[in-house]
Amino acid sequence: MVYAYLIATIGLVQGLKFMGDPARAKMGNMLAAASVLLALVALVIATGWSHIANVFLLLALLAVGTFIGNIWSNRVAMTEMPQLVSIFNALGGACAVVLGLNAVYGVGTPVDTKLLGSVLILANLFGGVAFTGSLVAFLKLDGRKLPRPAPVQKILARTSLALLLIATVYYLVMPVDIGFYPTLLLAISIVALLYGVFLTLPIGGADMPVLISLLNALTGVATMMAGLLFHDPIMIIGGILVGATGVLLTLQMCVAMNRSLGGVLAGKFAGSGSAKPEGEQDIRSITAVETASMLAFSKQVAVVPGYGMAVAQAQRECFALQEMLKQNDVDLHFIIHPVAGRMPGHMNVLLAEANIPYASVLEMSEVNNTMEHYDTVLVIGANDVVNPAAENDPDSIIYGMPIIRAYKAKQVIVMKRSMAKGYSGAVNTLFDRQNCKVLFGDAKSSLEEIINELKRI
Amino acid sequence: MDLSYTITPIDGIFVLALSLLLGFEVIKNIPAVLHTPLMSGSNAISGIILFGGITQLLNTPLEHGWTLAAASLAVILGAINLAGGFFVTHRMLSMFVVKKKTNKPSKP
């Protein structure tokens, strides 16, 4: 069993390492899954034989869980990937809470040292926040109507966070009666569940990638804590790896938006409407027919997709456009901002699903210094990430955020449904530029029109 | 031979500190294209918390109905997370099959 665990641990770390390399990612995932399976078998063999009926119960439960997981993962559309990850994450968090409470109320795991006691408290704390937080995130991503955060929500969030901190510190420094411990743990779990809701409610829209990464990290930490409680090294290592991934992605997303984690959590500019109303912008509009001829006469074209493209389900039209332009010897690239979509890397998955070759999808940092080489840039359903105000208007709310320098291209066409502002509410000064034109309408049908027009040319 | 393998909480702290360093080393510098699969994959790995449920379940006699039920619930929740996470990551990565890798377009 010791050796099986050792092999499984090495496999898990190596699998995750492979998952960072495009060519070996698939193998890495399988390696990680196989390692977990190996460790699971070893664990069952080592502990299983005192209650033989339980082994059969366990196998049945595992089969049911695997079956449900398989169905869900096969059914989900790629646009709904953030929802699925959130719901899985919620299950993991719930699992931590159930385990912790069951350890104290059911199994009667002896919590005789401060170390074990605080480990269990933290497992339930992180698990609880991850559980309800992910549930709320799921509902938000799924577009359900949720109560708008009232001012009181902020107070509730702060109060519950303070309560959690006080209770944890209280346990650490004060002598706590063994008999009182279960009640304390239950209370902390309940407040943690509430805090998850209060924490997540005000966050939305373009801040979703940060939130999802953070909740993922929380489940990882809960798993790690549970690993300490169950004296299980692979749980500790697995949990840490997840926690590290989550934290790194959270920070990367924050950097990509030039916002602090605190600012995101406070839901600062979500719907705050602090943008100053400015004079009417002078907007030049363009028709799909004109766009088509402009594209046909370009040599290098780039598409900057945003979440609006995913909402319009226009990925396949993007692929069709790329194929169409290829016949006319026009090169089409996709340039992706790190926070495009609703979870890190979401846009890449959506484009991959539409068969767009991986090699033509570029990251912002790869091309940002050579944007002037593009003859035409087509912005589909993105707004803030191409707003030049982020670079040259210190008064703008998004000043300092790294943007794709679409304005440097010879021509920019922004496909928009309306003149609504982006998530930040900042005025997009891109529209003031001479080289920018706006193509109004639904992204999908506009693209279809362009493609039909290109066919006739 | 004793098949069981557990570590003390102090060992656990050592494992924790070292794997924290390891974790950041393994994961840094991952290209954005893999962020979503990485996240769903690591999400699956966090389903390993189900091991705690397994330990509880296997050590609880059948008479302790509620304890058993709670452990079973934990196992099911963890199993969905674990299996579903790996399945969906696999599905996603299958779409990334590098087609015609040779015609990498010339950078403008």
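A note on ground rules: I am working from a predicted model, where local features need pLDDT of at least 70, side-chain atom pairs count only at pLDDT 80 or more, and totals for chains, interfaces and linings use all residues. Residues are numbered from 1 along each chain as its sequence is written, while chains are lettered from A and ligands numbered from 1 in the order in which they are written.

**Around Leu350(A).** I placed Leu350(A) in helix α14, residues 346–353 of chain A (helices are DSSP runs of H or I, at least four residues, and strands are runs of E, at least two, numbered from the N terminus). Leaving out residues up to four places away in sequence, Leu350(A) touches Met78(A), Thr79(A), Ala310(A) and Gln315(A) (contact means C-beta atoms, placed from the backbone, within 7 Å).

**The sheet.** I looked up an open, parallel sheet of six strands in chain A, ordered β3-β2-β1-β4-β5-β6 (strands pair if DSSP finds at least two bridges between them). Its edge strands are β3 (361–363) and β6 (436–440) of chain A. I also checked β1 (300–305) and β2 (331–336) of chain A, which four bridges join; Gln300(A) has Asp331(A) as its bridge partner in β2(A).

**The interface.** I noted 108 residues from chain A and 89 residues from chain B in the contact. On the chain B side, α4(B) gives the largest share, 28 residues.

How values were computed
Two residues are in contact if their C-beta atoms, placed from the backbone, lie within 7 Å.
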